[in-house]
Amino acid sequence: MSVMDRRSFFKIVATTGAAAAAGGCGPSAEQFIPYVIPPDNIVPGIPAYFSTVCRECPSGCGLIAKNRDGRVIKLEGNPDHPTNTGGLCIRAHAALQGLYHPDRFRGPLAGGKPVTWDEAEKQLTDKLGALAKARQGARIAVVSGLETGSLGRLMDEWTRLLGARPRIAYEPLGYEAIRAANRVSFGRDAIPDYAIGDATYLVSFGADFLETWLNCEGYTADFARMHAFYQGKQGTFVHVEPRLSLTAANADQWLRNAPGTEGLLALAMLRVIVDEGLQVGGAADLNTLRAAARAGDVEGAASASGVPAETIKKVARDLAKSRGGLVIGGGMASTGSTVTDTLVAVNLLNAAIGAVGTRVRFGSALPLGKASPYSDVAALTQAMAGGQIDVLVLVDVNPVYALPPKAGFVDALAKVPLVVALAGRPSETTARAHVVLPLLHSLESWGDYVSEEGVLGLMQPTMGPVQVEGKAVVALSTGDVFLRSGRKALGLEEGKGPLKWPTFADYLKDEWQRVARDYGSSAPFGEFWEGALRRGGVWRQPASPAVVLRPEAGRVQAGAAKLQGDGTHALLVYPSSRFYDGRGADRPWLQEVPDSVTQVAWDSWAEIPTETATKMGLKRGDLVKLTSPHGSIELPAYPTDLVHPGVVAVAMGQGHKFPGVFANEGNAATGTSSQAGYLNVGANPMELLPGAVDPASGGLPHLAVKVTIAATGGRRPLAVPQAQFNQDEREIAQWVELGSARETELRGRPPEHANRPSMYPPVKYPEYRWGMSVDVDRCTGCQACVLACQSENNVPTVGKAQVAYGRIQHWLRVERWQEGAATQPVNMFLPMFCQHCEVAPCEPVCPVYAAYHTKEGLNGQVYNRCVGTRYCGNNCPYHVRKFNWFNYTWTAPLDLQLNPDVTVRQLGVMEKCTMCVQRTVAAKDMAREAGRTVKDGDMQTACQQTCPTQAITFGNLKDGGALVSKLSLSSRGYHVLEDLGTTPGVTYLKKVVRSEPAGGHDKPAEGHKA
Amino acid sequence: MAASANVLGVFAHVDTTVQAIRDLRAQGFSDLTVYTPVPVEEIEHEIEKVRPLSAVRLFTLVGALTGTATGFFLTIWSSLKWELVTGGKAPVSIPPFVIIAFELTILLGGLASALAALILGRLPKLTPSPTYDPRFTLDRFGVAVACAPDKVDSVQSVLSAAGAEEVRR
Amino acid sequence: MSTLPAPLSTTSQATWADVNRDVIRTVSMPGDRYFAWMCLVALTLACGVAAWAWQIWVGIGAAGKRTPQMWAMYITTFVFWIGIGHAGTLISAVLYLFRARWRTAIYRGAEAMTVFAVITAGLFPLIHAGRMWFAYWLMPYPNQRYLWPNFKSPLVWDVFAISTYLTISVVFFIVGLVPDVAALRDSSTGIKRKIYAVIALGWEGSDQQWRHYRRAYGLLAALATPLVLSVHSVVSFDFAMALVPGWHSTLFAPFFVDGAIFSGFAMVLVLMLPMRYLFDWYAYITDRHLDAMAKLTLVTSLVLSYFYICEVFTAWYSGEHFERASVFAKATKEYAWAYWGMYFCNCLVPLVLLSRKARVNTVILYVVSILVLIGMWLERFNIIVPGLGHDFYPYTWGTYYPTVTDSTIIVGSFAWFFILFLGFIRVMPSLSIVEVKEVLPHPLKHAASHGGHH
């Protein structure tokens, strides 16, 4: 008989164990942690947190990645990072679904076929080498995203060594006009930081700074600082845009102007200020201002824009008088032929009210100022078309989708002999590349990023390369690809010469030696480096250089944007707050989270003015064909009063054309595949735009064409979870006029339940009574909380069909309620989730105690006990209980993101918000170890943590000192549907508005209170 | 005295049957079994005169009370097991428990009554009694008399006198 | 006028022997038409079962439920079937205690209907539950961890109310059957005889058996009587105890009970009229019976109309915005057709029964009954689906659309009921031999001596 020695015994055990695991429970054996040599920072069951930088858009917010058992399961904002100060937007949260996307390249491709890395790389390096040797480097071109850190420098070094064309840092949302205007006005080719937080009176000419404009996440936080009701005060925000964007919805006054008339309005306001001598500032400026003001014409602007002259005058005066004014502009949707002049006018206004240098800071300039203007891309396209490019390296960019077809990039691309795409996931661009070199996700790689002058974020791998089907993807970080390919092409050797660093990590460390010197760190580099890794980077406040207005600015010309075509409506192409320029469109989370204003989830739509819709007999979901001189697209109509009658608005980001796991239709009855079929849904509005460069700014005009609307007769119903925006006098979202808000703050509000006697003894809470407060005045409706909750609590996405049929699974939803005139409503965003009522209607009706009240005031839901009678779901007046209609699943490897601390609910059970009970438990454990009880601030719920405006506060209501307790007693506090006597644990704070919305106060039906 | 013989009289009419019962009683024959296709008040009346009221109601009462007690015990005791608060109500709240108690009262009361009918009525009856005749479920009445063998003739005479259309032993 | 052929024996002076003959005739070997019907019903049932299997497989989402209508047609049909049962109990128990002699001809069929209706209704909580395989958790069964149901939940009250109702109805039903089965036993032969013998428990009709039997029967009737009122009251609590506008009403208990009896009588008529025709029971189910049942239907209909008015009035008079909006939505929004259909079927149609002609005209009776059944189903639908669809929270308002799955299951439930009933009438006496005899004049030799007795 054979004797089995210990070693082989373990082999067998290991393999069988692995097989069992792989066959049995989702994540395969590789997920298990080897205990022999545990990886750094990874203790099984204990999460490790890594700080890094979010790379979903050029803002570069600071991230904290929660790594549990070797995989990142949650992203949170880095509270220390100056850019986002702890908040995070939906796109950042969805980075996880990019990381774990089922479509991620498993390895290199050549001609669409899998090859080894060396083979793929050889194709590139041979060609590069040949060209370099032949002094033909100019036939090499590199297009990357905006890389403001070491990687950018490395790539530039690479191009220099090969003698290639200067690298193009391509950002589809380039904001060239802002730079152009600054060149004219101040002689600076930069994008300053706008200190919105310091302003008391903000006027925005189409700058959607709560959605995508520049450093939007940071600005959202700043906006709360400037605008949220605090100690009886509140800043004023006036927004000028033809369409009610999310930003406009948050304005105290939304000026619905005719498209492209922002410049006229700005100059008109300047005129008013100068004429009435309200301006501040030196004499030199004054002449320039006077010169410019001459171009301003209030009446003309009024008639052209449709904004009453009185309004223009009033805004101008208030702006100037506020002595804390700030004017911004240049949202992509408003980039028309005259956008540069508009922004010069904006600069002039800022100069006139003394904002330049104080609230407009060129010192901390934004990285977008360094992006290559669209004109460069156009030039490259010319060169490609002209056959002057032999090798084109595309680094994680998707111009094929993002550029208008009319730009001719696709045809030009076909003329390039070797197109190499570096990318993590397939896209329209990679589909056309000869060679695809897979990139590691930014969460898997080293790097750094300057998110504004003086703020240098440091990126570190937050986990090893993702395993797809149990095998780690074969990929490298961009830096490593460039180091290796550079060396190979130039025949250099590792360790010496210009590209001596074996890995990009080494290069980065060397770069940071210099950073350490720059930031005057006296500590040894080791400490400095460690500190930076912990903190997430290094930052300092750079001095703001004095800028002077140049006389050229005085020659600003007023004029409305010229639009091509003889269409009936101006086409408004606006960047999507969910998909940005379209890079987020392959993520179920982003697809399912509803657009805040229209509340449409999935698909894309055309916002059509009600007048037009009624004239054409269009209902929501009827397919319409939009035709411009450059092309035509088909979309479901979304009739709305919230766009200018002369406008059709379409968001960017949908209508992709590439294959993927989710691209093909599946059976709606089974979880994941119900998400299928959305990837290529919708239409890409860029197909309607001309590709021509705007001569003044060098950018791509997005407001450039008129379109004709034609009903196709087809229908494609939209998935809109919110049945109606009118609260039908139910006082769900409440508001209070500023004056009375100030008053009542002094008086306070009557005590709870005074008028509500109960038959039952008061419920006792031994230690804690968890509760929340939500400030409707602070909520901007950014939806970040929804995705934070979804990623924290393993909430499945259910697909368009299910969402359309009222089966959306989000535990937390952001409702938009509007009051007053249909065209000028007061908008209120109300995050609604389980209210954890003390007298919860859902609890007593449950036949099996699955729903019950915990001793800590939570409305508990025991999934395992739930039988699925759904009685609780009926009896919950807020309808925040979600039922598992089907067995919802996650397509591997998306399931690797699931939070091990939260049960994945199975078919047929009810689920709902738990106030992140798993976090409460963790906090209590920590407190116990410290021998105390949970203090205020020990823990945050996922929604609270991510909220950029701190609208949500969680805590122990029994602790009088806790912030939540104070807020719950606020004079603005109220409970939703309070009269039902459910006594919720969540208190809402009324939105503070400037004046009663037309149609009067939200009065209950007569006798309602009787 | 132990009866050793059975005499059966088959009647076609109610009144004759009643007559027979009366006469037999008068003659001192008390051990009678009367078969009827349907319950007939006259006959019942005649028989019940000399018998205590059926004990079924006792069963019913006991069953019903047991039900009530069980109802309250089960609800209160089980609520105290975990003392879970739902909707701010006290774990033991009597009004809803009354419903459970009521239902169990009816349930056990009903079952007890049915049980009584079986036990007291000696059902199920596995072996048919010798004097039974299938006609008794159709349209004939039967009066069976258990008596000492020497009394058989007098019984027969009484039965035929009463109007039995058939008499056999 | 009746389109049925003139009855063979219109005399109600049938002898006891006739009764045995006429009833036992019905349990003889059935004909082809009967089997044809059975096949049709069985096929429908099979579809229903398949649909249910599919729903269990993919999940309750296969039914058209959604937020806010987390309840829909299943609960509607559940309440419908429970309601049907009530007429049976009313006839067999209440009318028994009131000594309403006309009940004897119909009570057996009515009781069978009750039992089968409740059995059918009992399926729906299972069909409805998201995890039906755990539905037994609603039962209080001893277990290690002392996990007991929540006795404060109306659903647990339902469990008790309905299981009690079912048990008592079944017991009552079987007790009533025993003497009749004995009669069947004595008139049949071979294997049939053996089977009946077992079921008859050796019943002989001796005075010993009768006296306890009668006592027990009376007491059962007394116990069943409160059930007539309690069961549907408890079912109504499922709604009345909830917060939903249009549900949260003290009106519901009597409202539901009346509706139940109303629909029950309609169902009795729907079942009895064909049986009377096919089994040629004109001698036993006479126009007098039809008239009486029609009158009861009419009365319950009028009471129901009163409740309908109350419902709308309270909604208006309360001044409660939610209540008003809810009623308004029911009457005007996407489900208006169901709302007005309900009024038509339950309030207007039965008014024809004011005329005696109509009350004894089988065709009219039949049509009215069918419409009433539809109307009562719609009533429950209106309470549940539009009620939930337009409740407190405008964000989630929405329309429920039935799917193939749930529709098939609903139809299947009717097949299930009829397969039970059709089966029953061919193996058991669906007319009570004993009780019909009881009300026939008893055979007397000297009629005078007992003339004018009761």
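This is a predicted model: local features need pLDDT of at least 70, side-chain atom pairs count only at pLDDT 80 or more; totals for chains, interfaces and linings use all residues.
**Figure 1. With a relative accessible area of 4%, Asn250(A) is buried, because buried means under 20%. A polar atom of the Asn250(A) side chain lies 3.1 Å from the backbone oxygen of Thr780(A). Leaving aside residues up to four places away in sequence, Asn250(A) touches Leu210(A), Phe223(A), His227(A), Phe237(A), Cys779(A), Thr780(A) and Phe829(A). Chain A, the setting of Asn250(A).** Chain A contains 29 helices and 39 strands. Its radius of gyration is 29 Å, close to the 30 Å that the globule rule gives for 1010 residues, so chain A is as compact as a globular protein of that length. The C-alpha trace of chain A spans about 105 × 90 × 70 Å along its principal axes. Of the 1010 residues in chain A, 64% are buried. Among contacts in chain A with a separation of 6 or more, 74% are between residues 24 or more positions apart.

**Figure 2. The interface of chain C and chain A.** Here 60 residues of chain C are in contact with 61 residues of chain A. The area buried between chain C and chain A is about 4,900 Å², and carbon and sulfur atoms give 57% of that area. Arg131(C), Tyr393(C) and Tyr395(C) supply 19% of the area that chain C buries against chain A, more than any other three residues. Zero salt bridges are found across this interface, whereas 32 residue pairs are in polar contact, with both residues at pLDDT 80 or more.

**Figure 3. The side of chain C that touches chain A.** Four elements of chain C give two or more residues to this side: helix 2 (32-58), helix 5 (154-187), helix 7 (207-240) and helix 10 (321-332). Helix 10 of chain C gives the most, with four residues. Sorted by class, the side of chain C that touches chain A has 38 nonpolar, 14 polar and eight charged residues.

**Figure 4. The interface of chain B and chain C.** In this view, 69 residues of chain B are in contact with 58 residues of chain C. About 5,500 Å² is buried between chain B and chain C, and carbon and sulfur atoms give 68% of this area. There are three salt bridges between chain B and chain C. One of them joins the side chains of Glu44(B) and Arg214(C), at 2.9 Å from N to O. The interface of chain B and chain C also has 21 residue pairs in polar contact, both residues at pLDDT 80 or more.

**Figure 5. The side of chain B that touches chain C.** Helix 1 (14-27), strand 2 (32-35), helix 2 (41-48), helix 3 (56-82) and helix 4 (94-120) of chain B each supply at least two residues of this side. The most comes from helix 4 of chain B, with 17 residues. By class, the side of chain B that touches chain C has 40 nonpolar, 17 polar and 12 charged residues.

Terms used:
Residues are numbered from 1 along each chain as its sequence is written. Chains are lettered from A and ligands numbered from 1 in the order in which they are written. Side-chain values use heavy atoms; hydrogens and water are left out. Contact means heavy atoms within 4.5 Å. Buried area is the accessible area (1.4 Å probe) that two parts lose on being put together, summed over both. A salt bridge is a side-chain nitrogen of Lys or Arg within 4 Å of a carboxyl oxygen of Asp or Glu. A polar contact is a pair of N or O atoms within 3.5 Å; within protein, one must be able to donate a hydrogen and the other to accept it, and residues adjacent in sequence count only if both atoms are side-chain atoms. Ala, Val, Leu, Ile, Met, Phe, Trp, Tyr, Cys and Pro count as nonpolar, Asp, Glu, Lys and Arg as charged, and the others, Gly among them, as polar. The radius of gyration is taken over C-alpha atoms; the globule rule is 2.2 Å times the number of residues to the power 0.38. Buried means under 20% relative accessible area, exposed over 50%, partly exposed in between (1.4 Å probe, protein chains only).
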